[in-house]
Amino acid sequence: MHAPFHLDGNKVTRIFRCGAHVFELSRPLVMGVLNVTPDSFSDGGRFLDRQIALSHARRMRDDGADLIDIGGESSRPGAKAVDEATELERVIPIVGALARDGIAVAVDTRKPAVMRAAIAAGASMVNDIAALTAPGALEACAPGTTGVCLMHMRGEPATMQDAPIYDNVVKEVRDFLLARAAACEAAGIARERIAIDPGFGFGKTRVHNLTLLRALGDFAATGYPVLVGLSRKKSLGDITGRAIDERLAASVAAALAAVARGASIVRVHDVRETVDALKVWDAIERGA
Ligand code: 7PJ
């Protein structure tokens, strides 16, 4: 299996293409989370106001976020579905404003209509917790050069934490992601536009999450950039005994561990702290 490469002088670097933004994967990328939902997992409601949302996103950009992930439908365990009109109304104005600033914007959605509208408004990436399985999702993303993140989820947010069972969690999740990546490529989405994500917490127990994290190298070995979202998640709360707003150190530790095991992109709430930690890690790796 071959990854997309980019010749840069005498150095060969893998790339991840997200619309006009072409990321070199020579250093880990940071995706900042912007929830525009009233009931999100950690910052629900706080950023409903559009101006506050925009200034939070711009702050994350200034703090070193490479991408901003905008979500208008909460996918926390037990969350209810949101109708299309509401999601469009929450997400599209923010996508447009941030894209006009030159920010690489990802839209976190499962709905093809939201994907199409977000791409038209300037989104560079579609981040889909359902891995483009909705009818019409592949077709919505295929034209152009929008990047896609394919995430694994077992079940639906409403019920996914009801005792999920796997024979071999690493193999099942990896096989699913490879099948979805193949479906994307067959639909005309070039390899260099595709990232994969094991989907921590989406139909997985703490042991499943830890098993997947320890096996991240098997995902990186596919050649697709691996995106990891562990920021403030319940598994970190279970390990540390900390409430959601006290999981900063745990989240930074998890992001570093993921990058050390081959993650190319980390999806985080606390951009500034994660960027600092990754700079130190990267300097040590490079010895410079
Ligand atoms: C993830 C996500 C994740 C990707 C959420 C939360 C829940 N997208 N969207 N990966 N998690 N790709 O932030 O806790 O892990 S929403």
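How many residues surround the ligand, and which are the closest? The views below come from a predicted model, in which local features need pLDDT of at least 70 and side-chain atom pairs count only at pLDDT 80 or more, while totals for chains, interfaces and linings use all residues. Residues are numbered from 1 along each chain as its sequence is written, and side-chain values use heavy atoms, with hydrogens and water left out.

**View 1. The shell around the ligand.** The ligand is surrounded by 13 residues, the closest being D108, N127, D197, K233 and R267, where near means that a heavy atom of the residue lies within 4 Å. This shell divides into 6 nonpolar, 3 polar and 4 charged residues.

View 2. A polar side-chain atom of D197 lies 2.5 Å from a nitrogen atom of the ligand, and one of N127 lies 2.7 Å from a ligand nitrogen atom. Of the 390 Å² of accessible area that the ligand has on its own, the protein covers 95% (Shrake-Rupley method, 1.4 Å probe).

**View 3. Strand β4, residues 29–35.** In this strand, a DSSP run of E with at least two residues, 7 of 7 residues are buried, that is, under 20% relative accessible area with a 1.4 Å probe and protein chains only. L29, M31, V33 and N35 lie on one side, and V30, G32 and L34 on the other. Strand β4 runs parallel to β11 (residues 265–268), joined by 4 bridges, and parallel to β5 (residues 67–71), joined by 5 bridges, where pairing requires at least two DSSP bridges. L29 stands opposite I265 in β11, whereas V33 has D69 in β5 as its bridge partner.

Definitions and conventions:
Polar contact = N/O pair within 3.5 Å; in protein donor to acceptor, adjacent residues only side chain to side chain. Nonpolar A, V, L, I, M, F, W, Y, C, P; charged D, E, K, R; others polar. Buried < 20%, exposed > 50% of the residue type's maximum accessible area, 1.4 Å probe, protein only.
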